[in-house]
Amino acid sequence: MLTTHDLSYRYGAGAPEFAFPDLSVEAGEGALLLGPSGSGKSTWLHLLAGILSPLTGRVELDGTVYGSLRSGDLDRFRGRNIGLVLQRAYFVEALNVAENLALARKMAGLPPDRAFLLSVLESLGIGRYAQRKPRELSVGEQQRVTIARALVNRPKLILADEPTSALDDPNAHRVSQLLRERAAELGAALVVVTHDGRLRTDFSRIVAIEPLTTQNI
Ligand SMILES: Nc1ncnc2c1ncn2[C@@H]1O[C@H](COP(=O)(O)OP(=O)(O)OP(=O)(O)O)[C@@H](O)[C@H]1O
């Protein structure tokens, strides 16, 4: 489903170069990319999302090589095939939870599917908040809405950046379990990047990312 080969990145001439291990994640499978702060985890995730273009190497999702798409096509491809759970929750404040999710489908050019949208909220235990504004929810509840929004287009790949860093132990494990269950149910590949060692026990596939060494700098 998701494969990468020889990926590297540099934020401009003279900046340190990040080299990332090759990755292969099948449909329904989860991988945890674990590394300390500043090791390049978010950079890696942005490459996997096609938000950044690599210095070398390639990313392929379900037979499509990102580098072969023009930028508008890549944006469309991302909207339809990739669900993003970012560190901080961003919502349209004027819209309620269900409307925020409906907007995600609309922006990807997908037809409305209210029944699926509500079933996703239910499956994450937040069905009762469908008509609430996101800011009326707790941080943990907002995190689940972010996950719901990442699922609502039935993506082939779910990418989560530090989804649990703001949560206490029981909620951190609950969120990681929900991500793994829902991804498996949808047949999506799941990649979580984090420095949160608590999640080690939740994933059978763990890829460690090393801190930058002086060699790279
Ligand atoms: N837009 C940018 N321009 C220049 N350098 C950047 C940019 N974004 C990140 N970096 C550099 O790349 C390094 C890695 O950043 P990145 O966000 O990928 O690390 P991380 O492992 O996700 O860190 P954290 O866990 O603290 O979020 C940072 O230390 C920073 O110096």
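Arg80 is in contact with Ala108 and Asn153, its neighbours within four places in sequence being left aside; two residues are in contact if their C-beta atoms, placed from the backbone, lie within 7 Å. The model is a predicted one, in which local features need pLDDT of at least 70 and side-chain atom pairs count only at pLDDT 80 or more, while totals for chains, interfaces and linings use all residues. Residues are numbered from 1 along each chain as its sequence is written.

Arg80 belongs to helix H2 (residues 71-81). Helices (H or I, at least four residues) and strands (E, at least two) are DSSP runs, numbered from the N terminus. Arg80 counts as partly exposed because 15 C-beta neighbours lie inside 10 Å. A residue is buried if 20 or more other C-beta atoms lie within 10 Å of its own, exposed if 12 or fewer, and partly exposed in between, with C-beta atoms placed from the backbone. Between Arg80 and Met107, 27 residues apart in sequence, the C-alpha to C-alpha distance is 9.2 Å.

Helix H3 (residues 97-107) packs with H5 at an angle of about 30 degrees, and the two axes are 9 Å apart. Axes are lines fitted to C-alpha atoms, for helices over the stretch in contact, and angles run from 0 to 180 degrees between N-to-C directions. H3 and H5 are therefore roughly parallel to each other; angles under 35 degrees count as roughly parallel, over 145 as roughly antiparallel, 65 to 115 as roughly perpendicular and the rest as oblique. The crossing of H3 and H5 is right-handed, a crossing being left-handed if the near helix is turned anticlockwise from the far one by less than a right angle, and right-handed if clockwise. On the H3 side the contact is made by Val97, Asn100, Leu101 and Ala104, and on the H5 side by Val145, Ala148 and Arg149. These residues divide into 5 nonpolar, 1 polar and 1 charged. Ala, Val, Leu, Ile, Met, Phe, Trp, Tyr, Cys and Pro count as nonpolar, Asp, Glu, Lys and Arg as charged, and the others, Gly among them, as polar.

Helix H5 (residues 139-151) also packs with helix H6 (residues 169-186), at an angle of about 15 degrees and with the axes 11 Å apart. That angle makes H5 roughly parallel to H6. The crossing of H5 and H6 is right-handed. H5 contributes Gly140, Gln143, Ile147 and Leu151 to the contact, and H6 contributes Asn171, Val175, Leu178, Leu179, Arg182 and Leu186. By class, the contact of H5 with H6 consists of 6 nonpolar, 3 polar and 1 charged residues.

Helix H1 (residues 41-48) is largely enclosed by the rest of the structure, because 6 of its 8 residues are buried. The buried residues are Lys41, Thr43, Trp44, Leu45, Leu47 and Leu48. They pack against strands S1 (2-10), S2, S4 (30-34), S5 (56-61), S8 (157-161) and S9 (189-194). Just after H1, Gly50 has a positive phi of about 75 degrees.

Asp6, found in strand S1, has a phi near 60 degrees. Asp6 is partly exposed, with 13 other C-beta atoms within 10 Å. Arg154, in the loop between H5 and S8, has a phi near 50 degrees. With 16 C-beta neighbours inside 10 Å, Arg154 is likewise partly exposed.

Two further positions were examined. Glu17 lies in strand S2 (residues 17-19) and is partly exposed, with 15 other C-beta atoms within 10 Å. Glu17 is 36 residues from Ser53 in sequence and 14 Å from Ser53 in space, C-alpha to C-alpha. Gly109 is placed in the loop between H3 and helix H4 (114-123). Gly109 is exposed, with 10 other C-beta atoms within 10 Å. The C-alpha atoms of Gly109 and Leu33 are separated by 31 Å, the two residues being 76 apart along the chain.
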